[in-house]
Amino acid sequence: MMLGKPDASGAPFRILPLPEPAMAPASDGPVALLRTIGAAGLRHRGKLAIWVAICLAAALAYVRTTPPTYSAVATVLLEPRRQAPSSAREIAAPNSLDLNAADSELQVIRSERLLSTIFDSLALGSHPELGPQPPGLLQALSGRVTAALHGAFAAVGASYSSSQGSEASLHADPRRSAFENFVRRFSARRVGQSYVLEVAYSSTDPALPARVANAAASAYLLQSVAFKADAARSGAEFLQGRVDALAAQVRTAEAAVRSGALPAQPIPDADARIIGAAQTPLGPSAPRSSLIMAFAGVFSLLSGLFVAALASAFDRRVRLPQDLVRETGLPCLAVVPQVGGRRQAPASDPDKSMLVTRADAGSFAAAIRDLQTAIEIAWAASRFQGSPVVAIGSWRAGAGATLLTMNLAQLINHRGRQVSVISQDGGRVHAEQGKEGASLTDVIASGDTAQAEYVDVEGVHLLPIRSATPQLNRFVDFRDPSAALVFAEARQRGEVLIDLPPLGESSDAVALATHADIVVLVAAEGVTTHDELNEALGALRRAGATVVGAVINRSRS
């Protein structure tokens, strides 16, 4: 940004030696992304901690309220055996089993016929776990939503279908419902590409999973050997010994199914062999408390960081100096910390307007000194002589521009230099001191600069901008030559500070800024947006004002 007037050689110069925007360090890439996410997490650390605590509490409530689930697994090895011929003329079929046949046997175990056999043999139809359960929280909420939708449909003539569905649910078969619950808890899978099948069952009853898993393995053996027994009986040449052996194996398998255990005697004619019996679980398999709590902690942290980063990406409020440079192109002249609680008091308060001179001012006084140094550097770079006229303003009221102006004036005064402040808050100071002196508006209306009456506030000469007569304030034109004479006379006495009215409320602030050599914008951290700063910057530049930078006020960093 080219500021100021050309020098003797005709070449333009800069008030501040700022780098071009293209020379700014790159703000993209994975490292910058991680830095942005970390900064967002630190900025919203309170909300992030609350979110993590809520997620952990929800996970803990789920772990405590969910009944423990026990699981047992029985392992079956598919092992086809050579079948003995039923007559001398028959030749035994070779034993063969491919991978597709293994998948077929897995579907046999999952079949409704085999599961019905287990369900009836163990008399699970009356088991309380498989009966109707009271609806949970989510089911109750979904039920209410469904009922509301049904009511809405009934209002437009669709009540028949909803009532028909409710009647169907009331007349549901209890045994069928219990069997469906049983099937949902039952699982069978093949281990990789091997011939090993795992049969598992989960239940809140610690003794039931092992009984069901063993009964399923025994039922599979029963189905296999019963088929061979039927085939042997239908043979032309009936071998009584063979039938008796198969019948004994059938009885053994049937007894194992009824007892929910493995066969007491070996069943060699089955095309499978049990290699692992289901054991009564020593502890619950679900819910996995450690895993759930760890997942809740990681999920809450990552989701909180994501939301914080997303909120920061769409947050247009001024917070960091580097964001100020990137969004507006203005350098950050100073970062002023927040003082006096959540809200800063008006600058007319003597304690606040004199804050920079107090011994306990600390970082606030240091920030005001930084601002004064930046202004002096900008004025020195302009190569002009004399004292500058500095305007300080903000887009909206409450950003603290008046407070910074008065404390900057006190700092200049305590350094032994004369300073005059043209203040928007000077009328109240006049009233507090019982004076009725002319303001800048009164001088413009009368055209007599001798009427300007400054008020001494701890060594600072204060001149109000607004008149005590409301009618004059409506028609005043601050671009009047009389206003320029007032500023010229004040410049002869020393430095001049203009406390601009809010730029977003009227054009008077822009008109006053045209009399200043340097304009400084004030942004309240977390309140003023980058768009407001850009609006103020555009309005000032269109008026020909020289904006050298911005100040971040009320910083909590």
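Modeller: Two strands count as paired if DSSP finds at least two bridges between them. Helices (H or I, at least four residues) and strands (E, at least two) are DSSP runs, numbered from the N terminus. This is a predicted model, where local features need pLDDT of at least 70 and side-chain atom pairs pLDDT 80 or more, while totals for chains, interfaces and linings use all residues. Residues are numbered from 1 along each chain as its sequence is written, and side-chain values use heavy atoms, leaving out hydrogens and water.

Biologist: Which residue stands opposite isoleucine 518 in β11?

Modeller: That residue is valine 390. Strand β6 (residues 389-393) pairs with β11 in the parallel sense, over four bridges.

Biologist: How many bridges link β11 and strand β12 (residues 547-555)?

Modeller: Six, again in a parallel pairing. Glycine 549 in β12 is the bridge partner of valine 520.

Biologist: In what order do the strands of the open sheet come?

Modeller: The eight strands follow the order β5-β12-β11-β6-β10-β7-β9-β8, with mixed pairing. β5 (332-337) and β8 (455-457) are at the edges with a single partner strand each, so one side of each has no neighbour in the sheet. On average, neighbouring strands here are turned by 25° against each other, direction ignored. For such angles, axes are lines fitted to C-alpha atoms, for helices over the stretch in contact, and angles between N-to-C directions run from 0 to 180 degrees.

Biologist: Which strands does helix α11 (residues 321-328) touch?

Modeller: Contact means heavy atoms within 4.5 Å. Helix α11 packs on the sheet against β5 and β12, and its direction makes about 140° with that of β5. Helix α20 touches β11 and β12, at about 165° to the direction of β11.

Biologist: Is β11 mostly covered or exposed?

Modeller: Buried means under 20% relative accessible area, exposed over 50%, and partly exposed in between (1.4 Å probe, protein chains only). By that rule, seven of the seven residues of β11 (residues 518-524) are buried. Ile518, Val520, Val522 and Ala524 point one way, and Val519, Leu521 and Ala523 the other.

Biologist: Why does serine 439 count as buried?

Modeller: Because its relative accessibility is 2%. Serine 439 lies in the loop between α15 (426-432) and α16 (440-446). Leaving aside residues up to four places away in sequence, serine 439 touches Leu463, Pro464, Ile465, Arg466 and Ser467.
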